[in-house]
Amino acid sequence: MTVSFLILAVLTVAGTAAAMGLRNAVHCVLALTMGFAGVAALYLQLGAQFVGLAQIMVYVGAVAILAVFAIMMTHSPESANSPVFSSQWSWGCIVAAAVFAVLARAICSSAASAHVQPPQPDATVQQIGDALMHRYVLPLEIMGLLLTAALIGAVVIAMDRREEMK
Amino acid sequence: MIGEGILKGMAETARNFFGSYVSKDRLVTLQYPEQRDPQIEAARSFPFLVCDGGDWQQAMRCVACQICEKECPPKCIFIEKSKDKKPDANGKLQFYPAVFNIDISVCMSCQICAEVCPFDAIKMDVDHDLSSDDRFGGLLLNKQRLAKSNEYYNSIHPTEAAAVDARLAGERARQEAKAKAAAEAKSAAEAKLAAATPVQPAIGEPR
Amino acid sequence: MTQAIDQIFVLTKHWLVGLVPVGAQPLCSAILSVAAIIIVFATLFAITTWLERKGLGRMQNRYGPNRVGPFGLLQPIADGVKSLTKEDIVPITADHAVHFLAPVLLVAASLMGYAVLPIGRNMVLVNLNAGVLYFFAVGSLMELAVFMAGWSSRSKYSLLGAMRAIAQMISYEVPLVLASIVVIMQAGSLSTVSIVNMQATYSGIWPHWFVFTPWGFAGFVLFMVAATAESNRSPFDLPEGESEIIAGYYTEYSGFKFALFFLGEYIGMFATSGMAITLFLGGWSAPFSFSFLTWIPSYFWFFAKLLALIMVFIWIRGTLPRLRMDQLMNLAWEFILPMTLLNLLTAGIWHFMPAGSLRWLVCGSMVVVPCILLSSRMKHKKKLQVRIYHYSE
Amino acid sequence: MNSLQSYLLLSSLLFSIGLAGVLIRRNAILVLIGIELMLNAANINFIAFWRFGPAPSALTGVMFALFSISVAAAEAAVGLGIILAAYRHSRTTDLDQMNSLKG
C-alpha cells in the first residue's frame with residue numbers, strides 16, 4: 001500500500017463515517033462531499049480519469065447540492081432536539097459490522113485478490129467515447145431515456161399540487 | 001432582436017468613457033479637499049456660539065439661560081451656569097456659561113437651538129469637515145471651540161447676520177432711549193422741560 | 001531567439017528544477033508552476049480591481065481612484081493593507097468551522113481550474129486527457145463553497161444570497177457546458193492543449209479560431225453570457241444585489257476573509273475567461289500569421305486576450321442594470337438553452353457539409369433565424385419587457 | 001504497490017458504513033445518502049476490477065461505473081423528490097414517525 005492510497009482511504013472513510021454519524025444534517029452532507037471527493041481521487045489513482053471527474057461533477061456538484069437543498073426545505077425546528085439515530089440503532093450497527101466481517105473475510109481469503117498491479121491501462125476519453133458509441137450504444141440510449149424519465153418524474157413528484165386541488 | 005438595446009447601451013457607455021478623457025467639462029467631480037464648491041448661504045451644519053468683540057470669554061452673547069439645552073431634541077447640549085456675573089459686551093452684568101459643551105456626534109443639525117435662543121447667541125455654522133481620530137473628545141466641542149466671532153457669522157451667513165445685527169442694534173437703541181428717557185424724565189420732573197422726543201439712532205452701527 | 005523568448009519561462013523552470021536532487025524534482029516542478037500561477041493571477045486580480053474602478057468611473061464621468069500613487073495605481077495595495085488590518089468578525093451563532101472553510105474552499109476551487117489552462121506554448125500545468133471536464137468539475141466545487149458561506153453565517157441575507165447564487169450557477173452551468181461542447185465535437189478532444197493546437201494553424205493569414213465560424217461565434221457569445229452568470233457578474237449579480245440583500249452570501253464576512261471571497265470571485269472570472277479563450281479564441285495563438293505578430297511570445301497573446309475579455313466584462317458591468325430573478329431564469333431556460341442545443345446541431349451540419357459559401361449560408365441562417373425567433377417570442381411574452389409598477393404612482 | 005485486496009477492503013468498509021447509515025439514521029435524506037454511499041462502494045469495486053482484471057482494454061468496468069453514476073444521479077433526484085412529497089404530506093422526514101401508508 002502506498003502513502004497516497006492510505007491518505008485517500010483515511011480521507012474517504014473519515015468523510016463517510018462522519019456523514020453517517022454527525023448530528024447536524026448539513027454537516028453530514030458536507031462531510032459526505034469530502035468522502036465523495038476521496039472516492040473520485042481513488043478513481044484518478046486507479047487511472048480512470050473520466051470516471052473520477054464525472055464523479056466529482058455528479059456527486060459533489062449535483063447530488064450534494066440537491067441533498068443540501070432537500071435538507072433545508074424539510075428542516076423543522078423541533079427536529080433539532082429529537083434523537084439522530086433510530087431506536088434499533090444497535091441492531092443496525094451489528095448487522096453492518098457483520099456484513100463487513102463477512103466481506104472482509106471473503107476478500108482476504110480469496111486467491112484472486114492477491115493480484116499485483118498490472119501496467120497502467122489507458123482509458124482515454126477517445127476510447128471511452130468509441131466504446132460508448134459502438135459497443136455500449138444501447139445502454140447509453142437507455143440511460144438517456146432513464147435520465148429524461150427521472151427528470152420528469154422528479155419534477156412531477158416534487159411539484160406542489162395545491163393549485164390543482166382547488 | 002435580442003441584444004439590440006444592450007449594444008445601444010454599450011455604445012453610450014463607451015461614448016462616456018472616451019468622452020471623459022476628451023472633454024474636461026464632462027467630469028463634474030471636484031477634487032474635494034483642494035477644490036471646493038462655493039459655500040451657499042443656506043448651508044447649516046452644527047451650532048456655534050457668537051461672540052461680540054475680541055476676547056471670546058468676555059464677549060460671549062450667551063447668558064446661560066439653558067433654553068437651548070432644554071429644547072435640544074437629541075440632548076447634545078450641556079450647559080453649566082456660572083455662579084457669579086460678568087459684564088458682557090455692553091458692560092451689563094450677566095450670568096455666563098461656565099461650561100458649554102455640544103456633542104456634535106449626537107447633534108442632528110435641526111437648528112432648534114438657534115431658533116429658540118432669545119439672545120441670538122447660538123447660530124448654525126457651515127464648517128462640516130470635522131472628522132477626528134479621537135472618537136469622543138474630538139467630536140465634543142467645548143466653549144472655546146464653539147466660540148466664534150460675529151464677523152465670522154457675518155461672513156458665512158451675511159443676510160441673516162445683518163438682520164440679527166439690526167435687530168440687536170434696534171433693541172439696544174430702544175433700551176438706551178428708554179434709559180435716556182427715564183433719566184431725562186427724572187431731570188425734567190424738576191426742570192419741567194418740554195417733550196423729550198428720543199431720536200432714533202442710525203441702523204447699522206450697533207457698537 | 002524568438003523561440004527562446006517564447007519559452008523563457010519553461011526554460012527557466014527546467015533550469016531551476018535541475019538544481020534540486022532528482023527525487024524532489026517532480027514536487028519542485030509542481031510547486032514552481034503553482035506558485036507562478038498564483039502570483040501571476042493574484043497580480044492580475046489587483047490590476048483588475050484598479051481597472052474596474054477606473055473604467056467604471058470613467059463610464060460614469062468620474063475620475064475613479066486617483067489618490068494612492070500615480071493614477072491611483074497603488075490603490076490595490078492600499079485596499080489589501082486595509083482588508084488585512086481590519087478586524088475579523090465571526091457572528092456568534094455562526095458555524096465556525098464551516099464559516100472559516102468556505103472562503104478557503106472557494107479560492108482553492110477557483111485556482112484549481114488553472115491547472116489545465118494553456119497560458120502559452122508548452123505552458124500548461126498538466127495536460128489532462130479530460131481537461132475540459134476537469135475544468136467544469138472543479139467549477140462545480142464553487143457552488144459548494146458558496147453554500148457553505150451562506151449557510152454557516154446564520155443570516156437571512158447570507159442564506160438568500162447563497163440560494164440565489166446556487167440556483168443561478170446550476171441553471172447556467174448547463175448552457176456553459178453545452179456551449180463548449182461544440183468545440184469538443186469539432187476538435188474531437190477534451191484536452192485543452194490539443195484544442196488550442198488545432199486552432200493555432202493558419203490558412204493564408206487567417207487563423208483557424210473556432211470563433212470565426214457561425215457555430216463558434218454563437219457558442220462564444222452564449223458561453224460568455226453563461227460565464228458572466230456563472231461568475232456572478234453584473235448584470236447577473238443578483239446573489240450580491242446590494243439594494244436587496246446587502247452583499248449576498250458574504251454579508252457576514254469581514255476583513256481578510258471578505259477579501260478572499262473577492263479574490264475567489266475574480267480568479268473564477270479569469271478562469272472562465274481563460275477557458276473561453278482556450279475554446280474559442282485560439283488560446284495563445286496570434287490573431288494573424290504575420291511574422292511580426294508571431295514573433296510576439298505566446299503568453300503575451302493569452303494575457304492580451306484575457307485583458308480584452310476582462311475589459312468587456314467591466315464595460316458590460318458599467319452598462320447594464322441588474323436582472324430580476326424570473327428574467328434571469330427565463331433567459332437561461334427559454335433562450336440560451338435552446339440556442340446551445342441548436343448550436344450543437346449547427347456544428348454537426350458544419351462538420352459534414354463540404355467547405356464553401358453554401359455551408360456558411362446554411363449554418364449562418366441556422367444561428368441567426370432561431371435567435372431572432374426566440375428573442376421575438378420572448379419579447380412577445382413580455383418576459384424581458386420593462387417592469388410595470390402597479391402599486392406605485 | 002497497492003493490491004486489489006486493499007481497494008476491495010476499502011470498498012467493503014464504505015459499503016458497511018453506508019449500510020449502517022441506512023439502518024440507523026432517522027432522517028430520510030441521510031438514509032438516501034447512505035444508499036448513495038453503497039453505490040459508490042460498488043463503483044470502486046468496478047474500477048478496481050477493471051484495473052486489475054485480465055482485459056482492461058475492453059473498458060467494461062469503466063462503462064459500468066459511468067452508467068452506475070448516472071443511475072445514481074437519477075435515483076438521487078427521484079428519491080429526494082419522493083422525500084419532499086412525503087414531507088409535504090406528513091410534515092416530517094423522520095422515518096420512525098412515517099409509519100402509516102394511509103393518506
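I began with the place where two chains meet: chain A gives 71 residues to the contact and chain D gives 61. I counted two residues as in contact if their C-beta atoms, placed from the backbone, lie within 7 Å.

Before going on, I noted that this is a predicted model, where local features need pLDDT of at least 70, side-chain atom pairs count only at pLDDT 80 or more, and totals for chains, interfaces and linings use all residues. Residues are numbered from 1 along each chain as its sequence is written, while chains are lettered from A and ligands numbered from 1 in the order in which they are written.

Back to the contact: which element gives the largest share of the side of chain A that touches chain D? I found H4(A), with twelve residues. (Helices are DSSP runs of H or I, at least four residues, numbered from the N terminus.) By class, that side of chain A has 55 nonpolar residues, 16 polar ones and no charged ones. Nonpolar here covers Ala, Val, Leu, Ile, Met, Phe, Trp, Tyr, Cys and Pro; charged covers Asp, Glu, Lys and Arg; the others, Gly among them, are polar.

Next I picked Gln45(A), which sits in helix H2 of chain A. Leaving aside neighbours within four places in sequence, Gln45(A) is in contact with Ser4(A), Phe5(A) and Leu8(A).

Last, I wrote down the predictor's scores for the complex: an ipTM of 0.74 and a pTM of 0.81.

Note on methods. Helices (H or I, at least four residues) and strands (E, at least two) are DSSP runs, numbered from the N terminus.
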